[in-house]
Amino acid sequence: MVYENPDGVRIGLEVHVQLNKLNTKLFCGCSTEYHDSEPNTHVCPVCLGLPGSLPVINEKAVEYAIKIGLALNCSIVEQTQFHRKNYYYPDLPKGFQTTQYDFPIAGEGRIIIEGEDGEHVVGITRAHMEEDPGRLQHMGSIDRSKGTLINYNRSGMTLIEIVSEPDMRSPKEARRYLDKLRSILDYLDVFDGDLEGAMRVDANVSVHWGERVEVKNISSFKGAERALLYEIMRQKNHIRRGGEIVLETRHFDEARGVTISMRTKEEEHDYRYFPEPDLVPLRVADRVPKVRETLPELPDAKRERFMEQYGLGETHARALTTEIKVANFFEEVAAKVDPKDAAVWVSDILKGELNYRELSIDAFTVEDIVAVVELVTANKITEKSAVEIIRTVLDDGGKPQEIVEAKGLLKVEDDIVATAVDEAIAENPEAVADYLGGKEKSLNFLVGKVMQKTKGRADAREAREKVLAKLNE
Amino acid sequence: MITKEEVEHVGWLARIEIDAKESDAYAEKLNSVLDYFGQLDEVDTEGVEPTYHVADIVNVFRKDEVTASMPQEEVLANTEHKQEGNFKAPKIM
Ligand SMILES: [Zn+2]
């Protein structure tokens, strides 16, 4: 199957990733743990750009940037440097942003995603380092606000901007690209994606291979898919009405789910890029081999290994390796029970229950899921009871063994079932005769009697088999 | 050649109001600066390695260790435009 891309859609994404797991900002020693702090309490002369202050780059930030570049299969530049990108905006106290221009730390690379027609390669154009601006908060709604409040706590945080080629052909592929990127970055342990503003997206979108429109300020992945769907529809409608798509920048209004044209747009030459004189160039080539050694096994490689080592199918292997935490959890479970059982219970059942409750894998312990799987495989509880135990642990707490006892979920002993079967048959000769005479329904009646006698604790399928066996004796 | 319009455009980029008289004056001054750079352009640099920085050093790094930030009062000390610990600016569209 080849995806024909009927609307000629091309999507390229620019993702800003905030390296919030660093202890300090990019060019100063201010702490990065500002999320629960008062405004303007994590700032210093450097990140405020006060006269006479001098930035010094965070060595670890450079290592992280190289690590990200390598994980995205990018070439790492021999020597890199910073530029000043000049624009005047209140979130940028210096009047310029320190960023990389002609020598980004990471050059061309690629990511493989599940595309519309199987595996699809998305090219990475570049990944470069820059500082985050401060945060603006409009007083009231954006068009009626009385003013803007500015908090510089975020100013100077390390950002990596990852720019893709316009290789995505649908909002769905864009979403998959973002998910894959997030997955890789989680594996690298360079950021906490759950923190506010950890990943922000700008998109370039064109239809019918036409002119591209830039959509800015998308703050979530769900938002990205919605923004793209809206923008593609808008462009197609505009063309159908005889309009022409022009190069422009639009703002995504998350609340209304629409994109709005921004009236003024600074052109690239308006930014008047020039080399940052306060920072010396970085020669990073000789650091690359060392950073490469710190690279973990990445999602694609882990998926292959799970299929090989545990004999899992592609679907299970993929579901279990998307999140590093789930992958590690699975491996711990698989060390204690049959890996295929572990895959079913972790991937199909537990993850479903967690997703439903919007919980992460941290909400369950390896020990508890192992206990549940062992109870099922030892034939002590039914699968239905196992699911009930998992739900109870999540909703009310407690240990599987206690729940089994408290709820009386243990399957009755085989001889009790056998006795119930004998009794049911002995007490209902008419039903037995009907069944032997060809009335299939009578079997259900007898099974029902067995369930009644065991107070529903026998496994229905098992009871049915036992009744059948007895009748066919 | 820098024109009056370019001066006005740069003024807009910097959010500085420049009136007609000023833009004429700036255009003239900036052109004389450009003339000087034009002279530098005539220097023969054949075979000279480009320099990326005035000082011939690379790799000045800082360890990822937290140092003290400024107290909020001090951060806001130079402005009258503040509210609840934030700087306050006119509305931004
Ligand atoms: Zn600082």
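Visitor: What makes A:Glu59 and B:Lys63 a salt bridge?
Guide: The closest N and O atoms of A:Glu59 and B:Lys63 are 3.7 Å apart. A salt bridge needs a side-chain nitrogen of Lys or Arg within 4 Å of a carboxyl oxygen of Asp or Glu, so the pair A:Glu59 and B:Lys63 qualifies. The count between chain A and chain B is 1 salt bridge.

Visitor: What kind of model do these values come from?
Guide: The model is predicted: local features need pLDDT of at least 70, side-chain atom pairs count only at pLDDT 80 or more, and totals for chains, interfaces and linings use all residues. Residues are numbered from 1 along each chain as its sequence is written, chains are lettered from A and ligands numbered from 1 in the order in which they are written, and side-chain values use heavy atoms, with hydrogens and water left out.

Visitor: How many residues of chain A and chain B are in contact?
Guide: 57 residues of chain A contact 35 residues of chain B. Contact means heavy atoms within 4.5 Å.

Visitor: What area is buried between chain A and chain B?
Guide: About 4000 Å², with carbon and sulfur atoms giving 57%. Buried area is the accessible area (1.4 Å probe) that two parts lose on being put together, summed over both. A:Tyr88, A:Leu149 and A:Val280 supply 13% of the area that chain A buries against chain B, more than any other three residues.

Visitor: Why is the pair of A:Tyr310 and A:Phe330 called edge-to-face?
Guide: Rings of Phe, Tyr and Trp (its six-membered ring) pair if their centres lie within 6.5 Å; planes under 30 degrees apart count as stacked, over 60 as edge-to-face and the rest as tilted. The centres of A:Tyr310 and A:Phe330 are 5.1 Å apart and the planes stand at 85 degrees, so the pair is edge-to-face.

Visitor: Why do A:Tyr310 and A:Phe330 count as buried?
Guide: Buried means under 20% relative accessible area, exposed over 50%, partly exposed in between (1.4 Å probe, protein chains only). A:Tyr310 has 13%, so this residue is buried. A:Phe330 has 0%, so this residue is buried too.

Visitor: How do you know that the charged end of A:Lys85 sits over the ring of A:Tyr271?
Guide: The rule asks for NZ of Lys or CZ of Arg within 6 Å of the ring centre and within 35 degrees of the ring normal. The charged end of A:Lys85 is 4.5 Å from the centre of the A:Tyr271 ring and sits over that ring. In chain B, the charged end of B:Arg15 sits over the ring of B:Trp12, 5.2 Å from its centre.
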